[in-house]
Amino acid sequence: MLKPGTILDDRYEIIDVVGTGGMSTVYRAKDERLRRYVAIKVLKSDYSSDQNFVSKFRAEAQSSAGLTHPNIVSVYDVCEDDGRYFIVMELVEGITLKEYINLNGRLNMAQAIDFSIQIASGLEAAHEHHVIHRDIKPQNIIVSKSGNIKVTDFGIAKAATSTTMSTTGIGSVHYISPEQARGGYSDERSDIYSLGITMYEMVTGRVPFEGDTNVAIALMHIQNDMIPPRQLYPDIFPSFEKIIMKATQKKPERRYLTAAALIADLNRVKDNPNIDIIVAPPTFTGAPTQQFTPDDMQKIKDGSAAKERLDERKMAESSYPASSEVHPDRSRIEAILNQKDDEYDYDDDEEEEYQEEYKKPQPRKSESRRGNLKKVDDYDENYRPTVEYEDDDESDVDPKLEKAVMIGGVAAAIIIAVLLFVFIGNMAGWFDFGKKQDVTEEVTEELTVTTEEAKVEMPDLVGLSEKAAEKDLKEVGLNNYQFVQENSVDVKEGYVISQNVEFKTQIAKDTQIIITVSAGAEELEVADVRNMDEDDAYAALEKQGFKPTRSYKFDDEVDKNKVISTEPQAGEKLKAGETIVIYVSQGKEEKITKVPNLAGQTEATAKGSLEAANLTVGEVTYEYNSSIPAGEVISQSIAADTEVKEGTVIGFVISKGVEKKSYTGKVSGTIFTDDEELAETTVTVTVYISDAGGVHQVYASTESGGSIDVGGSLADLQYNDGTVTFVVMTVENEDVSAYYSQSLTLTYEEQ
């Protein structure tokens, strides 16, 4: 396991562990080059030493790197550093769907449908690039903090080709499709099966199959019927239950053929939870949806055929022992589940074996009977999406209903034969007993009226492709029809939106039929919502006709809760109803740094230290300090080594050194002499203050007399502990100070 601080590829710094699995460990890391956080999935050393595995690992990671979709975790790079192989991916802040279910219990209907649509949308984008996930499960689905869903870990995905593939690549056994469990062909429908199991767990809080061993669980996927969700929780929408049951059909051809078809049904249930449609099983691979009328549904429910078939199937299943000695799939499954992650590969022998064993035509129990069902031959792969009928038998019509239809047909044939017999007989004169003319006219008139009033029933075309709708019209003899196009967000391009004559209406064959066909969603130019408030931007794009979703990231220039950009960008074209990602700013990223120790640094050096730590220089003040030399830092506003956000303001104090005071010295008093001659002589008296700073003159005067008064002051003295001295000079510059005495006083005042 890598330690925090490890640098990979001279670019990615490991921060901490996000999670670990059987093949790899996922780390949170920082991309120093692009200054963003990423997730790095590092292959464990046990697999890194297997060059065959590594080459496939890299090839498949590169195939998933080409996927760009709001509901898929983006893969940025595939790298190797000193024998370590790793994938660099988008870092999504959130928890797995498995953890979400464990924390919240079973999901409510609205949330389950929303999550299912997002997961299916991610799969649709992958399938369009011929990439099959093969390991769809709640553990590989991330619920972000904003509620967005991200599908991740295309670890055993393989880029699909147009040729048939047989692979032993399998996902987790609780979510594995029957064909994967057998080690046979797996395609997009295998992902749909696993998603169906995931939807089951979302609304029930449990997986449908549990067993003591992986082999036992895999066998259940192949042969056992799962408990319908509503038997566990009756509050589940019946329509949503039908979607789950269709997605998890044992036979791939009975599931949704595409993720787009699944999404269409999920949106229908989202808009109308009470929708009630049951679909007859297809009679050939890729067959279109067949829909019952309400009358058909009631008759089928009243019949007993379904119960009889269910009993027969249970008896057949009970005759299959679960032990590996007698079950034909157990040994094969056990071998598959016990493989290491070489499971990506398959060989030609296995492909040939699969083709022979699973691809050869299988005999049917009985021929399909149509009864009152409306069979639609739609050759478009994206058939009309509805919920599939769950019975595994193709002969799903009540025998009583079928018998009634048969009797009705025979009766109608007899009536027509009688009428024809009467008409021909009258024309030939067989019944001419004197009233030939009257009878002939009566019958002719009756047949004429019948012919004029002959009508057909308008078929239900809504939801069919244009080609299938045209075929249905021709089958009932309606040839006066016209297709018109109209933009639609809800109906897929090329499929019927509406018809001008209602279903089941009896109309003449020459009635003009107008069928409105979807031209697809209108292409719109994405509005520029940059720097708008996120809610206003969301409302604006939603009003345009798009389906906005939000993604949050840090930005140094755009204010928090404002829009940075959109994907697609402003001005680009996007079809109405499609998803558009709004990137919302979380403001500047709050990075943590340590406060440097500024003590003893000069003012300029201290400022440089703060800037180097991405901190802001605050107020600088100055103080006298007898212990810190002038010009150096005495203290700082936040202590050294404290962890703070980058940009935090830090102030500090600079020393002015020892404080220098100034004083005013004042001298007052008298000097005097006893010498009578000097008392009459004119002299100059000068008074000084002597201190550590020198001698300072404070008074000077020329006077005469035996006693001379002295008074004066001197400011800006640095010391307050000086002494007073004086000098007396005659006009002849003779120093006579020795003949004088003094009575002088020196005082100081602080300035």
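D9 is partly exposed, at a relative accessible area of 33%; partly exposed sits between buried, under 20%, and exposed, over 50% (1.4 Å probe, protein chains only).

A word on the basis. This is a predicted model, where local features need pLDDT of at least 70, side-chain atom pairs count only at pLDDT 80 or more, and totals for chains, interfaces and linings use all residues. Residues are numbered from 1 along each chain as its sequence is written, and side-chain values use heavy atoms, without hydrogens and water.

Back to D9. It lies in the loop between strand 1 (7–8) and strand 2 (12–20). Strands here are DSSP runs of E, at least two residues, and helices are runs of H or I, at least four, both numbered from the N terminus. D9 has a phi near 55 degrees, positive in a residue other than glycine.

Next, N531. Its phi is also positive, about 70 degrees, and it is not a glycine. N531 sits between strand 19 (523–525) and helix 18 (534–544), in the loop. At 53% relative accessibility, N531 is exposed.

Now the hairpin. Strand 30 and strand 31 form it, with two residues between them. They run antiparallel, joined by ten bridges. Y688 pairs with Q697 of strand 31.

Last, a cis peptide bond: E567 to P568, omega near 5 degrees.

Note on methods: Two strands pair if DSSP finds at least two bridges between them.
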